[in-house]
Amino acid sequence: MIGQMAMFAPDATLPLRQRVQVELISLAQARHTLEKFHYLHRTRTGRQLNYAVLIDGVVDGVITYALPMVIGSIAGTPTTDVIEFARLFLAQNIPHSATCAIGKTLRRIRADWAQRFTSAQVPQIVMSW
């Protein structure tokens with residue numbers, strides 16, 4: 001559930017990078033947020049990873065990475081080696097929280113993708129339109 005109240009007041013003296021966390025979630029868990037709040041009002045199809053973005057322990061939004069909807073290659077790289085930054089929704093939109101959350105997902109996306117999709121190529125490039 002987006003924006004549930006924290007049980008304790010957050011420690012605002014901590015740097016933002018310590019207050020923002022990301023956790024892998026299922027498509028079913030991300031679906032409600034993306035269909036209700038994201039401007040496209042739909043999820044992606046196909047192979048994808050969804051992350052919950054937590055700020056001070058409270059779920060604030062969702063980030064989705066998916067296989068690109070492109071056939072062939074992108075800048076000479078086969079699309080099997082590319083994943084797309086497909087969706088981002090943050091309820092509070094605290095300054096720099098999106099950058100912090102994206103950075104945390106980018107640091108772990110290759111390992112998470114390889115673990116979830118064992119028969120797939122490990123992504124070499126993350127593309128955003």
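Start at His41: setting aside neighbours within four places in sequence, this residue is in contact with Leu34, Glu35 and Lys36. Contact here means heavy atoms within 4.5 Å. The model is predicted: local features need pLDDT of at least 70, side-chain atom pairs count only at pLDDT 80 or more, and totals for chains, interfaces and linings use all residues. Residues are numbered from 1 along each chain as its sequence is written, and side-chain values use heavy atoms, with hydrogens and water left out.

**Stop 1: around His41**

Keep His41 selected. His41 sits in the loop between helix 2 (27-37) and strand 2. Helices (H or I, at least four residues) and strands (E, at least two) are DSSP runs, numbered from the N terminus. The scale is relative accessible area: buried is under 20%, exposed is over 50%, and partly exposed is in between (1.4 Å probe, protein chains only). Arg31 and His41 are ten residues apart along the chain, and their C-alpha atoms are separated by 9.3 Å.

**Stop 2: the whole chain**

Zoom out and colour by secondary structure. The protein chain has three helices and seven strands. From the N terminus on, their order is α-β-α-β-β-β-β-β-α-β. The radius of gyration is 15 Å, close to the 14 Å that the globule rule gives for 129 residues, so the chain is as compact as a globular protein of that length. That radius is taken over C-alpha atoms, and the rule is 2.2 Å times the number of residues to the power 0.38. Along its principal axes the C-alpha trace spans about 50 × 30 × 25 Å.

Of the 129 residues, 42% count as buried. Among contacts between residues at least 6 apart in sequence, 64% join residues at least 24 apart. The accessible surface comes to about 7,700 Å², and 56% of it belongs to carbon and sulfur atoms. These areas come from the Shrake-Rupley method with a 1.4 Å probe; for residues, only the protein chains shown count as cover.

**Stop 3**

Two strands pair if DSSP finds at least two bridges between them. Strand 6 (residues 82-90) and strand 7 pair in the parallel sense over three bridges. Select Val82 to see Ile125 of strand 7 opposite.

**Stop 3: aromatic pairs**

A search of the whole structure finds four aromatic pairs. Rings of Phe, Tyr and Trp (its six-membered ring) pair if their centres lie within 6.5 Å; planes under 30 degrees apart count as stacked, over 60 as edge-to-face and the rest as tilted.

Select Tyr51 and Tyr65. Their ring centres are 6.1 Å apart and their planes stand at 85 degrees, so the pair is edge-to-face. Tyr51 belongs to strand 2 (residues 48-55) and Tyr65 to strand 3 (residues 58-66), 14 residues apart. Tyr51 is buried at 0% relative accessibility, and Tyr65 is buried with a relative accessible area of 0%.

Next, select Trp113 and Phe117. Their ring centres are 4.7 Å apart with planes at 55 degrees, so this pair is tilted. Both residues are buried.

**Stop 4: Glu84**

Go to Glu84 in strand 6. Glu84 counts as buried, at 8% relative accessibility. Not counting residues up to four places away in sequence, Glu84 touches several residues, including Arg44, Tyr65, Met127 and Trp129.

**Stop 5: two positive phi values**

Most residues other than glycine have a negative phi. Select Asp56, in the loop between strand 2 and strand 3. Its phi is near 55 degrees, a positive value. Asp56 is partly exposed, at 25%.

Finish at His96, in the loop between strand 6 and helix 3. His96 has a positive phi of about 75 degrees. Its relative accessibility is 62%, and His96 counts as exposed.
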